[in-house]
Amino acid sequence: MRASQKDFESALRQVKLWKKDPGNEVKLKLYALYKQATEGPCNLPKPGMMDLVNKAKWDAWSALGSLPKETARENYVDLVSSLSAASEPPSPAKPAADGEQAGGDLVVTSENHITTITFNRPAKKNAITTQMYRDIMLALQAASKDDSVLTVLTGNGDYYCSGNDLTNFTDIPPGGPEEKARTNAVLLREFVDYFIDFPKPLVAVVNGPAVGISVTILGLFDLVYASDRATFHTPFSPLGLSPEGCSSYTFPKMMGPSKAAEMLIFGRKLTAQEACAQGLVTEVFPDSTLQKEVWTRLRAYTKLPPNAVRTSREVMRSKGRERLHAVNAEECEALRQRWLSEECASAVLRFMSRKAKL
Ligand SMILES: CCCCCCCCCCC/C=C/C(=O)SCCNC(=O)CCNC(=O)[C@H](O)C(C)(C)COP(=O)(O)OP(=O)(O)OC[C@H]1O[C@@H](n2cnc3c(N)ncnc32)[C@H](O)[C@@H]1OP(=O)(O)O
């Protein structure tokens, strides 16, 4: 099968997520194939004998002779997929040595029939930018059609996600705040709709604290596995906001109205154990074993007959879907109005001037 540009880009992202160093020999092979695939045959002058690293790279690249770019691309994808298949579960993305984040703010990988979407903005506690909302929708769209059985959301670094990036509210378009609020409401509704309509089991691996919209949408997930370091916080009132992600419906249903009110109206932060007791979290794991235990379990789940899994999920979900869409529409309209409020504007300003922390 020929590797497309998309396969190649996905392989490049996957390499950045490898936890283990594959060794110099593999790295040289990957380097040479990458250069051949993107630039064609090596026509650089040979580095001097003492320039050991660059000479090794030059040798590896030159050894590919006139191999066509497409073949190099294909060989690169094949090599990455063979090495990934033999490796450990997908590891959280690691920041590059110079502090730059590998793989962009959102990293999507697919292996062992699991598509993993990783928030990868650890320096900002994985706050979700407008671009990330769009990329999550694209990733869900692709995951709904790929050969994966499960789709996982997780975070890289110490946080799962600190919710909506509060600077999303600061670029005001020519149409003024009203236009911004209207556009945001439409986009938010579309974003949440993706979760409501997603056809495969959705799993959250909550590796650390979760805030705002990253918590509310958990009510639309099938499984929520959490580290014992995770906390669950929806500080909407202090921000002059109101709940979204269908949480105004899913949370009271799941935990009862008064526990939901404590979280969604009064902003009470839950520990992972409390969230588990309230039904928001499926199971809590010690932070040190979360990754190993969860990925082993998820891999076992992918071995179940996929059509049976999908059918069971569909019969469990179909009855509530229409209701969820109506709730989503209502929540987004309430938020459109909240975004135009003085309470919300001052909360965002307070955060921007760093006087406010949760
Ligand atoms: C397609 C759809 C597009 C539509 C867009 C519409 C948006 C829809 C939104 C729906 C409604 C809103 C839902 C929410 O999610 S509300 C919750 C918002 N989140 C917060 O209020 C959290 C704010 N952050 C904090 O309080 C603290 O940062 C936190 C407790 C999370 C961590 O504190 P800590 O002291 O450990 O770390 P720092 O504060 O120093 O943070 C490190 C850097 O990260 C930046 N940061 C963290 N969180 C956010 C955030 N949510 N938005 C922007 N930036 C964030 C923080 O500023 C630090 O940056 P610097 O190092 O540069 O100072």
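Tutor: Leaving aside neighbours within four places in sequence, Glu 283 is in contact with Val 224, Tyr 225, Ala 226, Cys 276 and Arg 297; contact means heavy atoms within 4.5 Å. This is a predicted model, in which local features need pLDDT of at least 70, side-chain atom pairs count only at pLDDT 80 or more, and totals for chains, interfaces and linings use all residues. Residues are numbered from 1 along each chain as its sequence is written, and side-chain values use heavy atoms, with hydrogens and water left out.

Student: In which strand does Glu 283 lie, and is Glu 283 buried, exposed or partly exposed?

Tutor: Helices (H or I, at least four residues) and strands (E, at least two) are DSSP runs, numbered from the N terminus. Glu 283 lies in strand β9, residues 283–285. For accessibility, buried means under 20% relative accessible area, exposed over 50%, and partly exposed in between, with a 1.4 Å probe and protein chains only. Glu 283 has a relative accessible area of 30% and is therefore partly exposed.

Student: How far is Glu 283 from Gly 48 in sequence and in space?

Tutor: The two residues are 235 residues apart in sequence, and their C-alpha atoms are 58 Å apart in space.

Student: How many residues of strand β6 are buried, and which way do they point?

Tutor: Strand β6 spans residues 223–227 and is mostly covered, with 5 of its 5 residues buried. Leu 223, Tyr 225 and Ser 227 point one way, Val 224 and Ala 226 point the other way, and all are buried.

Student: Which strands are joined to β6 by bridges?

Tutor: Two strands pair if DSSP finds at least two bridges between them. Strand β4 (residues 202–206) runs parallel to β6, joined by 4 bridges, and Val 205 has Tyr 225 as its bridge partner in β6. Strands β6 and β9 also run parallel, with 3 bridges; here Ala 226 stands opposite Val 284 in β9.

Student: In what order do the strands of the open sheet lie?

Tutor: The open sheet has 3 strands in the order β5-β7-β8, with mixed pairing. Its edge strands, β5 (210–211) and β8 (270–271), each pair on one side only. Between β5 and β7 (residues 231–233) the pairing is parallel, over 2 bridges, and His 233 in β7 is the bridge partner of Val 211.

Student: How is a helix crossing read, and at what angle do α1 and α2 cross?

Tutor: Axes are lines fitted to C-alpha atoms, for helices over the stretch in contact, and angles run from 0 to 180 degrees between N-to-C directions. Angles under 35 degrees count as roughly parallel, over 145 as roughly antiparallel, 65 to 115 as roughly perpendicular and the rest as oblique. The axes of α1 (residues 5–17) and α2 (residues 24–39) come within 13 Å and cross at roughly 150°. The helices are therefore roughly antiparallel. Their contact brings Phe 8, Leu 12 and Val 15 of α1 to Leu 30, Tyr 34, Ala 37 and Thr 38 of α2.

Student: Is the pair α8 and α9 parallel, antiparallel, perpendicular or oblique?

Tutor: The axes of α8 (residues 247–255) and α9 (residues 257–264) come within 7 Å and cross at roughly 135°, so the two helices are oblique to each other. Ser 247, Ser 248, Phe 251, Pro 252 and Met 255 of α8 make the contact with Pro 257, Lys 259, Ala 260, Met 263 and Leu 264 of α9.
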